[in-house]
Amino acid sequence: MVKSNKFIFFIIFTILLFFIIIFVFNCFSLAASEPKIVSKINSAFEDIEKWLLKLSTPAAAVAVGTGVFMKKFSFGDEERIRTGKKIIRGSLFSYGFILAIDLILSAIKSLIS
């Protein structure tokens with residue numbers, strides 16, 4: 001008899017709590033603005049992206065130039081020609097990836113928020 005009274009009380013209490021939560025918290029959002037840590041992380045990602053672009057543009061130009069000169073002054077050495085092609089291909093791929101960081105970061109931001 002006592003167990004059934006506790007069970008009925010628990011069911012009624014749960015249902016009332018459920019309705020209170022639904023009707024009271026339905027009208028407004030608990031997280032109206034972006035938390036400070038999220039805005040700091042977003043600004044840090046943007047700063048890192050700007051820094052990478054400033055650093056990678058001259059580095060990619062130097063790497064491509066090195067590869068071109070290595071191919072040009074190989075004097076028929078097949079190993080140097082292959083190495084020059086690898087340097088050019090790798091530096092252009094890396095620079096393209098760095099340019100695509102903006103797309104990657106926006107995808108991450110859309111998943112987080």
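Ser-56 touches Tyr-95 and Ile-98, leaving out residues up to four places away in sequence; a contact means heavy atoms within 4.5 Å. Ser-56 belongs to helix H2, residues 36-72, where helices (H or I, at least four residues) and strands (E, at least two) are DSSP runs numbered from the N terminus. With a relative accessibility of 9%, Ser-56 counts as buried; the classes are buried (under 20% relative accessible area), exposed (over 50%) and partly exposed (in between), with a 1.4 Å probe and protein chains only. This is a predicted model, in which local features need pLDDT of at least 70 and side-chain atom pairs count only at pLDDT 80 or more, while totals for chains, interfaces and linings use all residues. Residues are numbered from 1 along each chain as its sequence is written, and side-chain values use heavy atoms, with hydrogens and water left out.

**Overall fold**
- The protein has 4 helices and 0 strands, and its elements run α-α-α-α from the N terminus on.
- Of the 113 residues in the protein, 12% are buried.
- Among contacts with a separation of 6 or more, 56% join residues 24 or more positions apart.
- The accessible surface comes to about 9600 Å², and carbon and sulfur atoms account for 74% of it. Accessible areas come from the Shrake-Rupley method with a 1.4 Å probe, and for residues only the protein chains shown count as cover.

- Glu-49 is placed in helix H2 and counts as buried at 16% relative accessibility.
- Apart from neighbours within four places in sequence, Glu-49 is in contact with Ile-101, Asp-102 and Leu-105.
- Asn-42 also lies in helix H2, and its relative accessible area of 17% makes it buried.
- Asn-42 and Ser-106 are 64 residues apart along the chain, and their C-alpha atoms are separated by 9.8 Å.

**Salt bridge**
- The count comes to 1 salt bridge, defined as a side-chain nitrogen of Lys or Arg within 4 Å of a carboxyl oxygen of Asp or Glu.
- The partners are Arg-82 and Glu-79, whose closest N and O atoms are 3.2 Å apart.
- Side chains of opposite charge can pair when their charged atoms come close.
- Arg-82 and Glu-79 are separated by about one helical turn, because they are 3 residues apart in helix H3.
- Arg-82 is partly exposed, with a relative accessible area of 46%, and Glu-79 is partly exposed with a value of 46%.

**Surface patches**
- Patches are made of residues with over 30% relative accessible area and no salt bridge; like charges are joined within 9 Å, and nonpolar side chains (Val, Leu, Ile, Met, Phe, Trp, Tyr) within 5 Å.
- Lys-71, Lys-85, Lys-86 and Arg-89 form a patch of positive charge on the surface. Lys and Arg count as positive and Asp and Glu as negative, while His and the chain ends are not counted. The place of a charge is taken as NZ of Lys, CZ of Arg, CG of Asp or CD of Glu.
- Helix H3, residues 78-99, supplies the largest share of the positive patch, 3 residues.
- Arg-89 is placed in helix H3 and is exposed, with a relative accessible area of 55%.
- A nonpolar patch on the surface has about 1100 Å² of accessible area in total, and its members include Phe-7, Ile-15 and Ile-22.
- Ile-15 is found in helix H1, residues 2-24, and counts as partly exposed at 44% relative accessibility.
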